[in-house]
Amino acid sequence: MANTETALKEALTTIEGATGVALVDYTSGMALGTMGGSKSFDLNVAAAGNTDVIRAKMRTMEMLGLKGGIEDVLITLSDQYHMIRLLKSRGGNGLFLYLVLDSSRANLAMARHQLKRIEEQLEV
């Protein structure tokens, strides 16, 4: 089992193209931990904004009567991919991993696979 710092470090160093990663509480919008990012890309601001994405999707699913859970959400920008993976592991209720990838270096299928593995090992 990995703690938050170990999991974030693993995501940033082992996922090809990763430029930032955060563990986020979507009930409060607060990042519980971040790594990477830059002066021009504040992971705390991005984490707070992406809680709205998750909340909106959950409301929509509820209105539609969809019973399945959200596994992950992918947002593609012209030069970045933003991946949001809801935690299903022990103690992960209300949390998600947020990963920012440089689209010119990333392999989405591998990034998704690796983030799932990291999520499964994360103990909050």
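At the start of helix 3 (residues 108-121), a side-chain oxygen of Asn107 comes to within 3.1 Å of the backbone nitrogen of Ala109. This is a polar contact, that is, a pair of N or O atoms within 3.5 Å; within protein, one must be able to donate a hydrogen and the other to accept it, and residues adjacent in sequence count only if both atoms are side-chain atoms. Helices (H or I, at least four residues) and strands (E, at least two) are DSSP runs, numbered from the N terminus. The model is predicted: local features need pLDDT of at least 70, side-chain atom pairs count only at pLDDT 80 or more, and totals for chains, interfaces and linings use all residues. Residues are numbered from 1 along each chain as its sequence is written, and side-chain values use heavy atoms, with hydrogens and water left out.

Ala111, Gln114, Leu115, Ile118 and Glu119 of helix 3 are buried, where buried means under 20% relative accessible area, exposed over 50%, and partly exposed in between (1.4 Å probe, protein chains only). Viewed down the helix axis, these buried residues fall within an arc of 140 degrees, so they line one face of helix 3; the arc is that of the directions from the helix axis to the C-beta atoms. On the other side of helix 3, Ala109 and His113 are exposed. The buried residues pack against helix 1 (4-14), strand 4 (80-86) and strand 5 (95-102), with contact taken as heavy atoms within 4.5 Å.

Strand 4 deserves a look of its own. Seven of its seven residues are buried. Gln80, His82, Ile84 and Leu86 point one way from strand 4, while Tyr81, Met83 and Arg85 point the other way. Strand 4 runs antiparallel to strand 3, to which five bridges join it, and Val73 stands opposite Ile84. Strands 3 and 4 form a hairpin with three residues between them. Strand 4 is also antiparallel to strand 5, with seven bridges joining the two, and here His82 stands opposite Val100. Two strands count as paired if DSSP finds at least two bridges between them.

Turning to charged side chains, the count comes to eight salt bridges, each a side-chain nitrogen of Lys or Arg within 4 Å of a carboxyl oxygen of Asp or Glu. In one of them, the closest N and O atoms of Asp72 and Arg112 are 2.6 Å apart. Asp72 lies in strand 3 (residues 72-76) and Arg112 in helix 3, so the pair ties together parts that are 40 residues apart in sequence. Asp72 is partly exposed at 22% relative accessibility, and Arg112 is partly exposed at 37%. Both belong to a network of salt bridges that links Glu71, Asp72, Arg85, Arg112 and Glu119.

Another salt bridge joins Asp52 and Arg55, with the closest N and O atoms 3.7 Å apart. Both residues lie in helix 2 (residues 43-64), three residues apart, about one turn of the helix. Asp52 is partly exposed at 46%, as is Arg55 at 29%. Asp102 and Arg105 likewise form a salt bridge, at 3.5 Å between the closest N and O atoms.
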